[in-house]
Amino acid sequence: MVVEPATLLTYCLVVLGFVFIPGPATILTVARATSSGTRVGLATASGIAVGDLIHTAMAVIGISAVIMASAFLFTLIKYLGAAYLVYLGIRAILDRSVPDMGATAPALTARTAFHQAIVAEVLNPKTALFFLAFLPQFVDPANGLIALQLTIFGVVLVLLGLLSTVVFALSAGSLGAFLRRNPTVLKWQGKVVGGIYCALGVRLALQER
């Protein structure tokens, strides 16, 4: 057996313990769901999951290790990710359009939110470092097929993380639907959400390896 059942169970419990602790991915999902609806929130959660799958693949084939070993590559990717989040934030803040309270379609499409979430997650080197540092702790060389073990643990992490962000998206989407019926909220939601994106970008830019 590639992964012992007891090890897998322990791993799942550990992962569940921290995926429900709000982090950047959760904040991004909640902001999207609150401002643009449940569907956009779920699309954001899915995009983050795809980004994490990419990080899993990078960890398995060793690209993450190369990035972590190079201060230049780490810094470059970190600032690209930070700049992208700040760009999204400034665009949201400067958007002067006021959504129609009677409209059912969100200003931001689910497809756009999905693609933006993938880019934001892939360009977060801290996520690459996490996958690189966390997954191998549960790998047992005696079971062989180390790459397969890493893949299994990575996919489980992605699925449990997706479960977490979906729960937050559904909750925030319901709250957002209520808040968006308030004209004052409609007026300020873009600035608030934009501020959250900018804060996430600054936080990423200031992080060290």
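**View 1. Q137 sits in the loop between α7 (125–134) and α8.** Helices here are DSSP runs of H or I with at least four residues, strands are runs of E with at least two, and numbering starts at the N terminus. The model is predicted: local features need pLDDT of at least 70, side-chain atom pairs count only at pLDDT 80 or more, and totals for chains, interfaces and linings use all residues. Residues are numbered from 1 along each chain as its sequence is written, and side-chain values use heavy atoms, with hydrogens and water left out. Is Q137 buried or exposed? Q137 counts as exposed because its relative accessibility is 61% (buried is under 20%, exposed is over 50%, partly exposed is in between, with a 1.4 Å probe and protein chains only). Now find L150. Q137 and L150 are 13 residues apart in sequence. Their C-alpha atoms are 9.7 Å apart in space.

**View 2. A147 belongs to helix α8.** A147 has a relative accessible area of 41%, so it is partly exposed. Look for P136, eleven residues away along the chain. The C-alpha atoms of A147 and P136 are separated by 9.9 Å.

**View 3. V155 is another residue of helix α8.** V155 is partly exposed because its relative accessible area is 33%. How far apart are V155 and A49 in space? From C-alpha to C-alpha, the distance is 9.4 Å. In sequence, 106 residues separate V155 and A49.

**View 4. T109 lies in the loop between α5 (71–94) and α6 (110–122).** With a relative accessible area of 41%, T109 is partly exposed. Now locate A43, 66 residues from T109 along the chain. The C-alpha atoms of this pair are separated by 9.0 Å.

**View 5. Helices α3 (residues 38–61) and α7 cross at roughly 50°.** Their axes come within 9 Å. Axes are lines fitted to C-alpha atoms, for helices over the stretch in contact, and angles run from 0 to 180 degrees between N-to-C directions. The two helices are therefore oblique to each other (under 35 degrees is roughly parallel, over 145 roughly antiparallel, 65 to 115 roughly perpendicular, and the rest oblique).

**View 6. L9, L13, L16, F20, L163 and V167 form a nonpolar patch on the surface.** Together they have about 510 Å² of accessible area. The elements that give two or more residues to this patch are α1 (5–19) and α8 (146–179). Which of the elements gives the most? α1 does, with three residues. F20 lies in the loop between α1 and α2 (24–36). F20 is partly exposed because its relative accessible area is 33%. Patch residues have over 30% relative accessible area and no salt bridge; nonpolar side chains (Val, Leu, Ile, Met, Phe, Trp, Tyr) are joined within 5 Å, like charges within 9 Å. A salt bridge is a side-chain nitrogen of Lys or Arg within 4 Å of a carboxyl oxygen of Asp or Glu. Areas come from the Shrake-Rupley method with a 1.4 Å probe; for residues, only the protein chains shown count as cover.

**View 7. The chain has nine helices and zero strands.** Its pattern along the sequence is α-α-α-α-α-α-α-α-α. Of the 209 residues in the chain, 41% are buried.
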